[in-house]
Amino acid sequence: MTGHDAMKKILVPIKMVLDANMRPRVKADGSGVDLSGMKLSINPFCEIAVEEAVRLKEKGLAEEVVVVSIGPAKVQDILRQAMAMGADRARLIETDQPVEPLAAAKLIRTAVAEETPDLVILGKQAVDDDCNQTGQMLAALLDWPQATFASALHVEADSVKVTREVDGGHQTLVLPLPAVVTTDLRLNEPRHCALPNIMKARKKPLDVRPVAECGVDMAAHLNVLSVRPPEARKAGRCAANVNELVGDLHAAGVI
Amino acid sequence: MTILLLADHDGQTLGEATARAVSAARDMGGVIHVLVAGENVGSIARAAATVSGVDKVLVADDPALAHLLAEPVAELLVTLSVDYAAVIAPATSVGKDILPRVAARRDVMQVSDITRVIAADTFERPVYAGNAIETVQSTDELKVITIRSSAFDAAPQGGESAPVESVSLPAKEWKARFESEALTKSERPELTSARIVVSGGRGLGSAQAFETVLAPLAEHLHAAIGASRAAVDANYAPNDLQVGQTGKIVAPELYIAVGISGAIQHLAGMKDSKVIVAINKDPDAPIFQVADFGLVGDLFTIVPELVQALG
């Protein structure tokens, strides 16, 4: 594919999550994880998705990169970050309520209907709920082909060739466009945003609309009954030398 | 209730993850049907039929199902799902790829990666890299669930063979096309089902050290080899060996972490191992907080000594 017949548009749905370097604290009443005062960031896999879309644009393989997110007003921070990385504009579907992956997929579908992108790239999994569902659900709702867990993506005429990380190694698929791709860790290494780009991103368009205008049923399908910390493992003992360690392992009956 | 379980396989043999998912299905209670989809999968279907607790095997043999691509397999499951109360699969790369497509088509929410069945509609699942355990109840009429294999024992093989019945894939144009596959060939046990796992981290310092230092220990213990994300990112080991939140989840009898500091994302993939051993030169490495047995020192000295001492 050459510059003049580049994809018109790539849509990148992104999510704000508890920063991956923060230690989650379970609330004492077991109602959830306490996010108050904690650092929130773009989900690492979503950042990889933004990076991939921006690189395709920089190579002349796409004309425009649009990012979309769902959540409270604060989510604008990660949309601005994505625009500092090189996305052209952003959309926020604003809600203060929790959003299940199925509802997220339906909300993203409304953005797809308006934007008509050639390709949707999103993270394979958010590191808060660890669901790994939204991309596949979106592909199903759109009746589009999907390639999950991508470690390489090549744009060809009217299609993308995607190498996927599967349990035993790699698998390569060819998807006619439009298509949905979800990112794995090794697809790329996201850039750091330079200050001038951060300043420029402040002026890029960011469309905010309330979730109620999207016409999506937001009722929860799952009831979270409780959240608890995992059973703690106790630190064991340190052996003085290899022979002592081998003795410990024999005593534990594992070798 | 009747449960439809999507079998995981590599085209040759039934994956152990399937027998583990059968255990989760038994915990849910009811009748268990296993769907074996693929091309020339008769022998896999027969193997599935002898897993204890399986009441019936459905086999869909079709070239379009050869690589278990999401579109045709999801279509088949959506069609079959009308007769079932639950559609479940092990949370392997196949199950994770396909089941959310089924859930969305049936307008239900999937419950991902369950580690415990509380009731037929209520499950435990880890969130935040296993730093919190959620108890979640599905209100959907059809349950769509993926099963974390390491949390369930494999249902035994043997006994009466369940009946095997053919089902056919709806005719449709599939958009995604399979091009190629590069599967890692290894004589070692499979990472997620191995009794012993020996994992290497950034401390190994090179891909070569995985071969010269870690591999002899793995061979000696008949163990699978794993790696931390740091080691994978540094290209010391391929990604399909990655143990952690976004890689493989393992819970072997014995997990030996060599040169791994123990970031929470790594711990998420191995902290349910029965016995954890840490070998690291940094006595303050977080891995020692979860290890049953530790040894502080230079792994390049300790690991060869350990191989010797194991005789």
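Of the 311 residues in chain B of this predicted model, 59% are buried. The chain contains nine helices and 16 strands. Its radius of gyration is 20 Å, close to the 19 Å given by the globule rule for 311 residues, so chain B is as compact as a globular protein of that length. The C-alpha trace of chain B spans about 60 × 40 × 40 Å along its principal axes. Among contacts in chain B between residues at least 6 apart in sequence, 66% join residues at least 24 apart.

The largest nonpolar core has 199 residues, and those with the most contacts inside it are A:Val12, B:Leu5 and B:Ala48. Domain 1 (2-166) and domain 2 (196-309) of chain B both contribute residues to this core, which therefore lies between them. Around B:Ala48, leaving aside residues up to four places away in sequence, the contacts are B:Ala7, B:Leu14, B:Thr18, B:Val34, B:Val36, B:Val54 and B:Val57.

The interface comes next. On the side of chain B, 70 residues are in contact with 67 residues of chain A. Helix α4 (residues 93-105) of chain B supplies the largest share of that side, eight residues. By class, the side of chain B that touches chain A has 33 nonpolar, 19 polar and 18 charged residues.

The two chains are also linked through strand pairing: strand β12 (residues 222-228) of chain A and strand β8 (residues 132-138) of chain B pair in the antiparallel sense over six bridges. Within β8(B), B:Ser138 is the bridge partner of A:Leu222.

Key: Residues numbered from 1 in each chain as written. Chains lettered and ligands numbered in written order. Predicted model: local features only at pLDDT ≥ 70, side-chain atom pairs only at ≥ 80, totals over all residues. Core = buried A, V, L, I, M, F, W, Y, C linked by C-beta atoms within 7 Å. Buried ≥ 20, exposed ≤ 12 C-beta atoms within 10 Å, placed from the backbone. Domains from an automatic or database assignment. Contact = placed C-beta atoms within 7 Å. Helix = DSSP H or I, 4+ residues; strand = E, 2+ residues; numbered from the N terminus. Rg over C-alpha atoms; globule rule 2.2 N^0.38 Å. Nonpolar A, V, L, I, M, F, W, Y, C, P; charged D, E, K, R; others polar. Pairing = 2+ DSSP bridges.
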